[in-house]
Amino acid sequence: MTETYNDLIEDADFDTILSPDIDFTGTLHFEKPFLIRGKVSGEINATGILVIDEKAVVNANIQASRVLIRGQVKGDVTAVEKVEITVTGKLSGNVTAPEIFMETGCIFNGRCTMVGRSID
């Protein structure tokens with residue numbers, strides 16, 4: 001069984017942290033680990049790991065290698081590796097990834113598609 005990324009994160013792991021007092025609108029592109037604590041509206045396209053912290057609010061379609069949702073997301077989420085939604089996470093949108101982990105108590109409203117896995 002694979003450990004969840006949620007158990008392993010610390011601020012020092014992130015190259016960029018969008019602080020709680022930031023309200024960003026537009027398109028975000030990044031390659032290294034990115035932590036959102038504020039508000040983001042628009043679009044997120046990344047090759048790195050994205051973490052949406054507990055009090056963060058994101059209204060955007062997201063594409064990243066890994067996505068950890070501990071806050072609120074409205075939009076579709078696509079990950080190359082994995083999407084995790086913690087007990088404090090809320091996702092209203094579709095999720096597509098090879099591996100999807102949802103903690104008991106999270107809120108998810110959308111369709112879930114696991115790609116790259118065989119059911120044979």
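User: What makes a residue buried, exposed or partly exposed here?

Analyst: Buried means under 20% relative accessible area, exposed means over 50%, and partly exposed lies in between, with a 1.4 Å probe and protein chains only. The model is predicted, so local features need pLDDT of at least 70 and side-chain atom pairs count only at pLDDT 80 or more, while totals for chains, interfaces and linings use all residues. Residues are numbered from 1 along each chain as its sequence is written, and side-chain values use heavy atoms, with hydrogens and water left out.

User: Why is Lys82 called buried?

Analyst: Lys82 has a relative accessibility of 3%. The limit for buried is under 20%, so Lys82 counts as buried.

User: How do you know that Lys82 and Glu84 form a salt bridge?

Analyst: A salt bridge needs a side-chain nitrogen of Lys or Arg within 4 Å of a carboxyl oxygen of Asp or Glu. The closest N and O atoms of Lys82 and Glu84 are 3.8 Å apart, so the pair meets the definition. Glu84 is buried as well, at 2% relative accessibility. Salt bridges with shared partners join Lys82, Glu84, Arg66 and Glu99 into one network.

User: Where does Arg66 lie, and where does Glu84?

Analyst: Arg66 forms a salt bridge with Glu84, with their closest N and O atoms 3.5 Å apart. Arg66 lies in strand 6 and Glu84 in strand 8 (residues 77-85), so the bridge ties together parts 18 residues apart in sequence. Strands are DSSP runs of E with at least two residues, numbered from the N terminus.

User: How many salt bridges does the whole structure hold?

Analyst: The search finds 5. One of them joins Arg70 and Asp53, whose closest N and O atoms are 2.4 Å apart. Arg70 is in the loop between strand 6 (57-69) and strand 7 (72-74), and Asp53 is in the loop between strand 5 (49-52) and strand 6, so this pair ties together parts 17 residues apart in sequence. Both Arg70 and Asp53 are buried.

User: Why is the pair of Phe30 and Phe34 called stacked?

Analyst: Rings of Phe, Tyr and Trp (its six-membered ring) pair if their centres lie within 6.5 Å; planes under 30 degrees apart are stacked, over 60 edge-to-face, and the rest tilted. The structure holds 1 aromatic pair. The ring centres of Phe30 and Phe34 are 4.7 Å apart and their planes are at 20°, so the pair is stacked. Phe30 and Phe34 are both buried.

User: Why is Cys112 called partly exposed?

Analyst: Cys112 has a relative accessible area of 41%, which lies between the limits for buried and exposed, so Cys112 is partly exposed. Cys106, at 18%, is buried.

Conventions. Helices (H or I, at least four residues) and strands (E, at least two) are DSSP runs, numbered from the N terminus.
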